[in-house]
Protein chains: 2
Amino acid sequence: MHDQQLATRASELKPSAVRELLKHSKLPGVISLGGGIPAPELFDREGLELAVSQVMSGNFNDAFQYGLSEGYSPLRQSVSELCRLRGVNCPAEEIYITSGSQQSLDIVARTLLDPGDVVVVERPTYLAALQVFQLAQANIQSVDTDDDGMLVEQLADLLTTTKVKMVYLVPTFGNPGGKTLSEERRARVVALAKEHGFIIIEDDPYGEINFTETRWKTLYQHAKELGCADQVIYTSTLSKILAPGLRIGWLVMPEWLAGKAIIVKQATDLHSNSMTQIVTAQYLALNRLPQQIALMREFYHKKGEILANALREKLGDHIEFSQPKGGMFLWARFRYEFDTTAWLSKTLANGVVYVPGEAFYNDAPDKRTLRLSYSTVSDADLVTAVERLAKSL
Amino acid sequence: MHDQQLATRASELKPSAVRELLKHSKLPGVISLGGGIPAPELFDREGLELAVSQVMSGNFNDAFQYGLSEGYSPLRQSVSELCRLRGVNCPAEEIYITSGSQQSLDIVARTLLDPGDVVVVERPTYLAALQVFQLAQANIQSVDTDDDGMLVEQLADLLTTTKVKMVYLVPTFGNPGGKTLSEERRARVVALAKEHGFIIIEDDPYGEINFTETRWKTLYQHAKELGCADQVIYTSTLSKILAPGLRIGWLVMPEWLAGKAIIVKQATDLHSNSMTQIVTAQYLALNRLPQQIALMREFYHKKGEILANALREKLGDHIEFSQPKGGMFLWARFRYEFDTTAWLSKTLANGVVYVPGEAFYNDAPDKRTLRLSYSTVSDADLVTAVERLAKSL
């Protein structure tokens with residue numbers, strides 16, 4: 001009876017499709033290709049136990065006390081080293097610890113966006129980013145993608161008629177598409193940012209989960225070379241490469257933004273979890289992460305191939321897709337008119353779920369698409385899941 | 001050079017006075033009566049070590065994996081038991097885990113407040129709540145307080161002319177004033193809520209840190225008796241009674257609000273820290289918290305008395321105050337015209353800091369006031385601090 005008390009921005013919110021889906025995926029016997037969660041068998045139990053035990057004996061008081069909104073200093077230091085290896089060369093003072101990438105996006109949106117500001121995203125894009133921009137009451141505009149990521153010339157066209165505040169990109173092994181922005185387009189989008197004065201959010205959760213030997217320059221690095229690094233906000237997380245339960249992400253922010261963003265962070269939750277920040281700092285100091293990432297690449301690479309091979313064999317006449325080159329997702333599309341949202345109830349009855357592509361579009365959804373995650377499914381179940389999908393046609 | 005890119009709400013933000021102050025308080029030799037942080041010697045090291053070790057051996061995968069936005073179910077269950085003992089009788093399904101009280105307030109504000117909505121606070125009130133409501137671009141109105149808390153009849157007057165959306169109260173051992181709302185006023189403010197249809201946020205971080213035998217009914221309980229429990233949002237935290245570094249707070253929300261608030265929570269940070277939620281659940285299952293709270297009461301009670309006695313002796317002719325009956329703060333006021341903000345540089349030079357009362361007012365600050373925290377200062381330093389204050393006059 002009090003629904004009319006809700007704020008405008010809240011009354012328009014809808015539960016995310018993935019969230020609803022996760023309920024189904026817990027049903028016994030159902031194989032879920034839905035979630036985007038890392039495989040728990042890849043958690044570095046030995047390393048995390050060591051880090052936790054060091055914290056409990058050596059950093060007890062700090063781990064359980066209030067901390068700084070900017071983050072735990074030794075963690076900012078280690079993360080800046082991690083960043084440097086990725087081509088994000090910045091001092092520890094420009095690293096701000098957040099409670100995961102989701103919070104990074106939310107803080108940036110709250111610091112930068114007034115209602116109606118134009119935010120450009122890829123079509124399709126990361127679902128939870130759409131939620132953040134919707135909550136900020138932004139005017140979300142989508143630009144199409146192909147196998148080389150965002151069609152940057154389409155963005156250039158949009159810029160001739162529209163004042164764009166921010167462009168949100170997952171340039172490497174994007175979610176859901178698994179696509180990577182080509183080097184040429186990276187340079188171009190940064191040049192457009194410089195010319196038109198918009199901000200780029202470079203969201204990079206999956207860059208390290210690379211199945212190839214190719215490395216791409218970060219947008220941050222392109223911007224640094226072009227002298228406009230103060231227009232790029234780089235964000236990443238340890239959720240995919242270490243453990244999501246730690247809730248540790250970070251932002252690399254230019255000074256003009258950081259001063260206000262840190263007040264927003266403080267108003268939001270004072271600071272990120274002291275205990276898991278310190279555990280993470282201790283873990284990184286063990287220097288086990290590179291070996292973990294190597295294991296992870298091999299593990300997910302193999303899973304991605306098993307899924308791709310099964311799909312080609314059993315569903316190749318029905319769907320098309322590119323073989324994943326990194327990340328956790330395979331993005332597929334029916335070769336003919338098809339509604340993957342409607343199809344879900346049928347596949348669920350046959351014991352398999354996925355995320356209908358529709359969830360990843362701000363507008364004009366391509367209903368032929370679907371996202372399949374291979375990260376947590378056993379090799380045998382990946383094959384069974386595809387058989388169940390084929391049976392559901 | 002990009003400052004004009006900031007959102008309106010962000011460009012108006014100012015760093016909190018306390019945050020600035022904390023920098024000074026780390027100077028060697030300075031005694032800080034400024035922070036509101038719990039004494040680390042009260043952290044239950046043995047219990048926390050036990051809980052952490054149980055989690056590492058028994059709940060490893062859950063602790064490091066993604067979790068639910070609502071919170072970890074066994075923790076919601078334990079917290080509902082904690083709530084029941086406080087007179088907040090609700091099922092675990094109405095408990096929502098947050099990353100501390102600060103986030104509880106922010107989520108509620110984002111779900112309920114449109115810019116310009118009227119939020120009524122106590123004068124003075126909790127600084128960080130002001131930050132949240134400012135960030136929500138609310139129209140903040142203050143109602144005066146006396147030793148029995150908010151002057152509820154002043155609120156009643158305001159309601160005759162103003163549409164109030166929400167009233168924010170720290171009814172028990174408030175911050176900064178340390179005041180407790182009388183039972184009669186509790187009943188009255190809830191009756192006003194029912195009559196006028198506004199929402200009450202009952203923020204209760206300090207209720208358990210009670211130096212007396214008196215117990216007050218929660219506003220939630222009053223509302224339940226009056227049949228309007230769906231207008232009260234109760235929030236509390238383990239930061240003061242267990243450990244702030246865990247970042248575990250909670251909200252008790254009526255159904256009409258919870259559905260949307262949980263989507264806001266998800267957009268904000270997906271979910272609170274898995275690891276520390278599970279550690280907290282394990283800790284609570286050890287049933288050590290009641291004994292901890294008993295220790296804490298005694299410890300802070302003694303500190304409060306030492307500070308009050310020293311103040312009476314050395315500064316009694318200059319300031320007036322009520323002896324703290326609970327919580328972590330002593331709120332004092334000069335007996336004559338005085339500017340405690342200006343005074344701070346002088347006391348800092350003499351090696352003692354406090355929070356000038358000004359920081360806790362949304363408008364019309366009483367510059368004679370100051371907040372003194374006794375929670376983390378040794379008994380001897382409390383006396384020395386007061387001597388240094390006296391020397392600074």
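Me: A:Ala364 sits in the loop between β13 (355-356) and β14 (369-373) of chain A. Why is A:Ala364 called exposed?

Reply: First, a word on the source: this is a predicted model, where local features need pLDDT of at least 70, side-chain atom pairs count only at pLDDT 80 or more, and totals for chains, interfaces and linings use all residues. Residues are numbered from 1 along each chain as its sequence is written, while chains are lettered from A and ligands numbered from 1 in the order in which they are written. Now the rule: with C-beta atoms placed from the backbone, a residue is buried if 20 or more other C-beta atoms lie within 10 Å of its own, exposed if 12 or fewer, and partly exposed in between. A:Ala364 has 8 such neighbours, so it counts as exposed.

Me: And B:Phe173, buried or exposed?

Reply: B:Phe173 has 24 C-beta neighbours inside 10 Å, so it counts as buried. B:Phe173 lies in the loop between β6 and α9 of chain B. Strands (E, at least two residues) and helices (H or I, at least four) are DSSP runs, numbered from the N terminus.

Me: How do you know that chains A and B are in contact?

Reply: Two residues are in contact if their C-beta atoms, placed from the backbone, lie within 7 Å. By that rule, 60 residues of chain B are in contact with 60 residues of chain A. On chain B's side, α11(B) gives the largest share, eight residues.

Me: What is the phi value of B:Phe173?

Reply: For B:Phe173, phi is about 50°, a positive value in a residue that is not a glycine.
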